[in-house]
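Me: I am new to this structure and would like to learn how to read it. Could we take it one feature at a time?

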Amino acid sequence: MRDLVAGMRYLGKGQRWVAQHGRWWGFGLIPALIALVLYAAVLTVLALWSGDIAAWATPFADGWGAPWQGLLRGVFVALLFAGGLMLSVLTFTAVTLLIGDPFYESLSEKVEESEGRCPPSPDRPLWQEIWIALRDSVHVLLRAAGFGILLFVLGFVPFLGQTVIPAVGFCVSGFFLAVELTSVAMQRRDIPVRERLRLLRGRKALAVGFGTPVVLLFLVPFVAVALMPGAVAGATLLVRDLVADEEEPRAPDRDEGTAGQDRAAGAPYGQPGAPGGFGPPAPFPASQGQPQAPRQYPRPQSGPRSSAVRPPAGW
């Protein structure tokens, strides 16, 4: 329960941060507005054609009399549109983050700088950053789609399908939405997507507490656009504390003293010599009865700022 409340607080902290930095809030609205126009068009088409889709998907009910045919197809349309809304919430964030990658990278970086330290961004061209973000988003959305199909089928179960399943669906959507929103700060730390999922699965209540209110609020027209910059800011604050919780002190190398420790702290994630990477073995062999060093993450340090897009000075 404590993590659930903590996740909600991170969302509030992110909204307060952008409220105190108005030009960054306006800067973060640009990609969200573009995505909103696209999704409004798609949902309008879905609403207009949902009846035809229901009739096509349930040909076995063509000979049914009233009210059973209308009831079945009405439930199908309701579930179809609810599934479309849920998918829109998940993909809206992914598409908005892709459209606004340089925008939200700058916003997230500014949040970290305001907290005292910001890890240096990987030295990669913009096209490669967008490709990694697209690949990771597809990975997350495929996992979310698997849960979505299962919940859609369970939605036809009497009573449970109208009470418990929608609540579970919002929580599942909230978890995966938290994965998407934290991707900006996670990618800056060069943490791969599978490791991001592992980190958030270890704190499910924290991720659900942060993401589920966003899912519910995103269902309100135009609220998703207004909250998107604050959601990215809140996710950045969440990542800072989540990664800090994973950091533990590492014993110095026997031969090199503190030099081995410094090398491990300075190496990028997943590289030889890095914490959690593929470098030399643990400083104390297991045969001597000493525990191996736990997995660590590099503590964020001040570094060169990326060349991401910045808002104009007079924004």
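Reply: Gladly! Helices here are DSSP runs of at least four residues, numbered from the N terminus. Please keep in mind that this is a predicted model.

Me: How many helices and strands does the protein have?

Reply: There are 11 helices and 0 strands. Following the sequence, you read the pattern α-α-α-α-α-α-α-α-α-α-α.

Me: Now let me pick a residue. Where is Arg-189 found?

Reply: Look at the loop that connects helix H7 (183-188) with helix H8 (193-201); Arg-189 is found there.

Me: Is Arg-189 buried or exposed?

Reply: A residue is called buried when its relative accessible area is under 20%. Arg-189 has 7% relative accessibility, so Arg-189 counts as buried. Across the protein, 42% of the 315 residues count as buried.

Me: Which side chain does the side chain of Arg-189 join in a polar contact?

Reply: That of Glu-112, through a polar contact of 2.8 Å.

Me: What about charge on the surface? Which residues gather in a patch of positive charge?

Reply: The surface patch of positive charge brings together Arg-143, Arg-194, Arg-201 and Lys-204. Take Arg-143 as your example: it lies in helix H5 (residues 126-154).

Key: Residues numbered from 1 in each chain as written. Predicted model: local features only at pLDDT ≥ 70, side-chain atom pairs only at ≥ 80, totals over all residues. Heavy atoms only, no water. Helix = DSSP H or I, 4+ residues; strand = E, 2+ residues; numbered from the N terminus. Buried < 20%, exposed > 50% of the residue type's maximum accessible area, 1.4 Å probe, protein only. Polar contact = N/O pair within 3.5 Å; in protein donor to acceptor, adjacent residues only side chain to side chain. Patch = residues over 30% accessible without salt bridge, like charges linked within 9 Å, V, L, I, M, F, W, Y side chains within 5 Å. Areas by Shrake-Rupley, 256 points an atom, 1.4 Å probe, with all protein chains shown as cover. Salt bridge = Lys/Arg side-chain N within 4 Å of Asp/Glu carboxyl O. Lys, Arg positive; Asp, Glu negative; His and termini not counted. Charge placed at Lys NZ, Arg CZ, Asp CG, Glu CD.
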